[in-house]
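Me: Please take me through this structure in short questions and answers. Keep it plain.

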Amino acid sequence: MSRLQVNLPGLNLKNPIMPASGCFGFGREYSQFYDLSKLGAVMMKAATGSERFGNPTPRVAETASGMLNAIGLQNPGVEKIIENEVPFLAQYDMSVIANVAGSTVEEYEYVARTFNHTNNVHALELNISCPNVKEGGIQFGTDPSMAAKVTEIVKKASNLPVYVKLSPNVTDIVTMAKAVESAGADGLSMINTLTGMQIHLPTKRPLIANKTGGLSGAAIKPIAIRMIYEVKQHVQIPIIGMGGISNAEDVLEFLLAGASAVAVGTANFSNPLICSEIIDELSITLERYGFGSVEHAIGKAVMNE
Amino acid sequence: MIRKESMKIVSTKEIAKETVEMVLKNSYISENAIPGQFLHILLDGHTLRRPISIADVDKENEMVTILFKKLGFGTEKLSESKVGDVLNVLGPSGNGFEISLEGIHTVLLIGGGIGVPPMYYLGKSLAKQNMNVISVLGFQSKEHVFYEERFQQFSKTYVVTNDGSYGDKGFVTNVIPKVGEFDRFYSCGPLPMLKAITNELFEKEGFISLEERMGCGVGACFACVVPTNTEKGYKKICSDGPVFDAREVIL
Ligand SMILES: Cc1cc2nc3c(=O)[nH]c(=O)nc-3n(C[C@H](O)[C@H](O)[C@H](O)COP(=O)(O)OP(=O)(O)OC[C@H]3O[C@@H](n4cnc5c(N)ncnc54)[C@H](O)[C@@H]3O)c2cc1C
Ligand SMILES: Cc1cc2nc3c(=O)[nH]c(=O)nc-3n(C[C@H](O)[C@H](O)[C@H](O)COP(=O)(O)O)c2cc1C
C-alpha cells in the first residue's frame, strides 16, 4: 500500500487530499490547471432539490488571513448535477463526494435519494452547516436533535456512506459529533465556515449583501484543529478535516489532531494548483516528522496525551 | 486558456492622481490576451487575488500594460512594487471583446475612471481593423485624466470631468448626444455610469464590462454572478464575462 493511501467508508483514497465543497465547483475550471486524477477525491459544490440562484452580490470579502463568503448555495439542482457534472468528474481516477444541502428535512432526503441514481458518486457529505441559508440550514447544524434527525433520514434514503459536515458555530462541538454518530453517520467532515461580518467604511454598512458571511482560510485553522482534536477523543467514526489548509505541514497538523483525510478550500483561490502541490510535498513532509505513512500520523496528537 | 504565470515588472509610473501604469513582461499572456480580458494578481499576505484589466499588449516585445487606481490595501501594495519584481498572476482571464464586426463602421468607446484602461487596447485593436472609433472618457477631475493623447491617436476623443476642471463638465452621458452617429458602443466604468448608458442607449447594440468582488476568478465559486435575462438566469462575471451584451445583463 502506498504511504499516502487512506481507506474510509466508501472511499479508497490514493492520497488524503481533496478540494473542499464550494471551492472547486464541479472541477471543470481547475482541470485546466492539472490532471484531476492526481486528487484523492473531490467534494462537489452543494446540491439542493431544485436550482438555486443564491444571494445578492457582493458575496465575498477579504479578511485578515481569510475571507467571508455568502454564496447562498447557488447550484443547478441535484438532477442537473447528476446529468451534467458527475459524468465529467467520472472521467478521472478519483473518488467523488456529493455535498447534500437543503432547507427542509424533505429536501435533504430528496437530494440524498436522487444521488442513488448514479454509480459515480462514492459518498455523501451532508451539509447541515451552511451558515448562509436562511430557511433553516443553520438550525440543523446547531441543534443536536435536529442534526441527528436529518442524519437518520438521509442514511435511510441513501445507499452511500454519509459524512456529516459539522458547523463550528456551536458551543459544544463534541455533543454535535456524538449526536450524528449515534444517528448512523459513517464519518464527519469538519469544519464549515464561522459566521462573521465586515463593515464597509465608505458606505457604513455590512459589505456582504447577505450582511453575514462564513469565515474561511488560514484564520480559522486553529479552531478547526482544536475541534477535530476534541471530537477525535469522543467518536469512533473517521473525520475529514478542513479549515485553512494551505500546505503539507497544515495537512500533517490535521492528521495529528485526528483527521483521516483533509479538504482544501479557500487556498484554491490564491493558488489554483494548491492541491496538486500539496500532494507532491506530502510524502517528504511525513518523512521529515518521522511518519512512514499517512495512516501512522492519524490522531497521534490525541494518543500522545 | 488561463495559466498561472510570473510577470516581471518592466516599468511602473504614476501617470495621474493615484493612478499607476505598470508594464509587465510575459510571453504567454502577451501572446494570448485579447481586449477586455484581465489579470488576476496575487499580492503577498492576501487571500484573494485582485482583478486588473489588460490595458495594452505589445506582442512583439512580450509586454502587457495595466493601469490601476490606488484604492485599498491591495492596489496600494501593488503600487509599491518595483521594477524587476515578479508578480504572481492568473491570466489571461475572462472573455474579452472578441466579437464580429460585420456591418459595423463606427464604434463608440465609453470609459469611466478606472474603466478607461480596457477601452484602450480595445480601441487600438478596432482602429487596426479600420473601424472609425470615437472615445468618450470620463474622470473625476483634471488631475485624474490619463491617456487622452493615446486615445487621440486612433479616435476622435472627448474628455469629460465631473467637476468641469478639464474638458466638458458632468458625466459621459452628457457628451454622448453630441458625438454623432455610431453603430455600436463599448463601455466600462462604475455601475451607475453603466446603468445610465445602457438605459440611454437601449436602442443600440452594445457591450459592457462589469466589475464585482471575485473569489476564485476562474468560474468555480459563484461569488461574482450577475442576473441575466438569458435562460440560465445568471452569468459569472469572471469567466462568462467580464464583457457582456448590454441587453442580456440586469444591472
Ligand atoms: C474584471 C475587472 C477588471 C478591473 N480592472 C481594473 C483596472 O484595470 N484598473 C483598476 O484600477 N481597477 C480595476 N478593477 C477594480 C479592481 O479590481 C479593484 O480596485 C481592486 O481589486 C481593489 O483592491 P484593493 O485591495 O486595493 O481594495 P480593497 O478594498 O482593500 O479590496 C478588498 C477586496 O475587495 C475586492 N474589491 C474591491 N473593490 C473592487 C472592485 N471595484 N471590483 C472588484 N473587486 C474589488 C478586492 O479585489 C479585494 O478582494 C477591475 C475589477 C474587475 C472585476
Ligand atoms: C466560496 C465558498 C463556498 C463554499 N460553499 C460550500 C458549500 O456549498 N457546501 C459546504 O459544505 N461548504 C462550503 N464551503 C465551506 C468549505 O467547504 C470549507 O468547509 C471551509 O471553507 C473551510 O475550509 P477552508 O478554510 O480551506 O476554505 C464554502 C466555502 C467557501 C469559501
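Reply: A salt bridge is a side-chain nitrogen of Lys or Arg within 4 Å of a carboxyl oxygen of Asp or Glu. This is a predicted model, in which local features need pLDDT of at least 70, side-chain atom pairs count only at pLDDT 80 or more, and totals for chains, interfaces and linings use all residues. Residues are numbered from 1 along each chain as its sequence is written, chains are lettered from A in the order in which they are written, and side-chain values use heavy atoms, with hydrogens and water left out.

Me: How many salt bridges does a search of the whole structure find?
Reply: Side chains of opposite charge can pair when their charged atoms come close. Over all chains, the number of salt bridges found is 24.

Me: Which residue forms a salt bridge with B:Glu21 at 3.7 Å?
Reply: B:Glu21 is buried, at a relative accessible area of 6% (buried means under 20%, exposed over 50%, partly exposed in between, with a 1.4 Å probe and protein chains only). Its side chain meets that of B:Lys13 in a salt bridge of 3.9 Å, N to O. At 3.7 Å between the closest N and O atoms, the partner is B:Arg150.

Me: How many residues apart in sequence are the parts that B:Glu21 and B:Arg150 tie together?
Reply: Helices (H or I, at least four residues) and strands (E, at least two) are DSSP runs, numbered from the N terminus. B:Glu21 and B:Arg150 form a salt bridge. B:Glu21 lies in strand β2 (residues 19-25) and B:Arg150 in helix α4 (residues 148-152) of chain B, so the parts they tie together are separated in sequence by 129 residues.

Me: Where does B:Lys178, the salt-bridge partner of B:Asp168, lie?
Reply: The closest N and O atoms of B:Asp168 and B:Lys178 are 2.6 Å apart, in a salt bridge. B:Asp168 lies in strand β11 (residues 168-169) of chain B, whereas B:Lys178 is in the loop between α5 (172-175) and β12 (184-188).

Me: Is A:Ile239 buried or exposed?
Reply: A:Ile239 is found in strand β15 (residues 239-242) of chain A. Contact means heavy atoms within 4.5 Å; not counting residues up to four places away in sequence, A:Ile239 touches several residues, including A:Leu188, A:Met190 and A:Ile228. At 0% relative accessibility, A:Ile239 counts as buried.

Me: What is the radius of gyration of chain A?
Reply: Chain A has 11 helices and 16 strands. The globule rule, 2.2 Å times the number of residues to the power 0.38, is compared with a radius taken over C-alpha atoms. For 305 residues the rule gives 19 Å, and chain A is close to this, so it is as compact as a globular protein of that length, with a radius of gyration of 18 Å.

Me: What share of the 251 residues in chain B is buried?
Reply: The secondary structure of chain B comes to 6 helices and 16 strands. A compact globule with 251 residues would have a radius of gyration near 18 Å, and the 17 Å of chain B agrees with that. Among contacts in chain B between residues at least 6 apart in sequence, those joining residues at least 24 apart make up 61%. Of the 251 residues, the buried share is 58%.
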